[in-house]
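I'll jot down what I look up as I go.

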Amino acid sequence: MASKVDYTLDERGEVCPIPDVETRRKVKEMKSGETLEVLIDYALSKERIPVSVKAAGGEVLSIEESGPSEWKITIKKL
Amino acid sequence: MSAIIQGLLVGIVFGVVLQRSRLCFNSAIRDVKFSHDNYLMKMALVGILIETIGFQAAAQFGWIKLSPIAFIPAAQIVGGFFFGMGMVLAGGCASGITYRIGEGYVTALVAAVFFGVTAAAVRGGALSFVNKWFGTAITTTNNPGGVYSANNGAVNLTIASWLNINPWIIAIISAVILLAVILFTKTTERKVSGLNWVWGGVAVGVIGIIGYLSQKTYALGITGGWINLLRATTGSLDPTKPVPYNWIGMLVFGIIIGSFIAALLSKEFKLRLPKDPKTFAKVALGGIFMGFGAGVAGGCNIGHILSGLPHLAISSIVATIFFVLGNWFMYWWLFERQRSKRS
């Protein structure tokens with residue numbers, strides 16, 4: 001159960017600021033306790049998404065490197 | 001050292017710093033309003049603060065003549081607004097799309113080519129006629145301290161040349177205001193893996209001063225550089241009149257190389273393609289808006305914001321205001337408007 005997430009967003013290759021906007025939008029829509037994983041491939045997204053997730057009422061559980069310049073951010077709605 | 005080698009070297013260092021600091025004016029302007037995040041904005045302000053004092057000092061020592069961009073009100077208002085809208089569509093400002101080419105962003109390359117071609121068309125190409133719509137520059141004969149470059153006695157407007165007061169007074173007032181904003185606002189926390197906002201800002205400011213000392217006629221710019229790169233590379237139809245590469249063209253080329261090296265070394269280089277092909281059309285349109293805007297306004301976010309605001313040039317202050325308004329409008333139109341309609 002712990003590794004199962006409720007939603008996945010694949011934002012790899014998307015132009016700034018789409019990854020950030022879509023993540024924030026998704027977190028706002030989610031119900032409390034639901035989880036979301038976001039796949040990104042840009043270092044700037046990795047640095048700014050945690051800031052906007054916090055503002056949208058979520059919490060970053062982990063940021064894992066999933067490949068060359070690719071990361072998986074796991075987020076929980078508070 | 002020849003001018004083009006100097007331009008190339010300054011460009012490579014600038015490219016490394018842009019890549020490591022992730023400074024993008026499109027993000028900086030947007031974040032302040034829509035994410036209440038001032039991280040990149042404060043980085044830009046540190047750079048502008050250092051240049052405000054540095055440019056003035058360099059002119060005082062007689063190393064350069066300050067050359068503020070010509071003030072053409074309608075051009076900076078309309079062009080500024082178009083440039084501001086364009087950078088949201090393109091996914092980056094003029095410097096942003098340039099250094100992202102080095103990181104492997106295919107969309108950035110598309111946006112940059114459309115930006116460069118449109119700007120070249122506006123500045124002396126097939127679209128030159130649009131400049132007539134905006135009128136001529138407002139200048140002054142005041143040259144306080146003799147620090148400004150004059151063309152037949154005409155000096156472009158800065159706050160100091162307009163009011164005919166010692167430019168140091170205006171530079172120091174501006175620097176104190178910037179310093180107060182930098183010190184007394186809370187910086188948004190951001191875990192960064194490259195240069196933080198202070199060091200990124202200091203590096204950008206110092207490169208701006210070195211750029212001015214090296215190029216002499218102006219500090220950093222992107223628009224003129226893309227125009228020169230494209231013109232010199234495609235050549236003229238008359239081979240006896242080749243278009244030579246210049247300092248600023250090599251600066252832009254250097255930014256791409258520097259960013260590529262920095263991205264490779266930090267393992268952040270990757271060929272990135274959007275999943276939806278419509279994205280290409282969107283960034284191309286963004287590039288056209290940016291090229292038109294920067295072409296008529298006399299500069300982009302680097303020419304007007306980073307290099308122009310330290311001059312306290314009236315043109316750059318007006319252009320910056322309209323870059324910001326265009327950016328906020330387009331961001332709202334694309335991302336906020338839909339959501340408020342849906343809910």
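I started with a facing pair: A:Leu36 stands opposite A:Ile75 in S4(A). I count strands as paired if DSSP finds at least two bridges between them. Helices (H or I, at least four residues) and strands (E, at least two) are DSSP runs, numbered from the N terminus.

A note on the source: this is a predicted model, where local features need pLDDT of at least 70 and side-chain atom pairs count only at pLDDT 80 or more, while totals for chains, interfaces and linings use all residues. Residues are numbered from 1 along each chain as its sequence is written, chains are lettered from A and ligands numbered from 1 in the order in which they are written, and side-chain values use heavy atoms, with hydrogens and water left out.

Next I checked the other partner of S2(A). Strand S1 (residues 7–10) of chain A is joined to S2(A) by 4 bridges, and these two run parallel. There I found A:Asp10 opposite A:Leu39 in S2(A).

Is S2(A) buried or exposed? I found that 6 of the 6 residues of S2 (residues 35–40) of chain A are buried, so the strand is largely enclosed by the rest of the structure. Buried means under 20% relative accessible area, exposed over 50%, partly exposed in between (1.4 Å probe, protein chains only). I see A:Thr35, A:Glu37 and A:Leu39 pointing one way, with A:Leu36, A:Val38 and A:Ile40 pointing the other. In a regular strand the side chains alternate between the two faces of the sheet.
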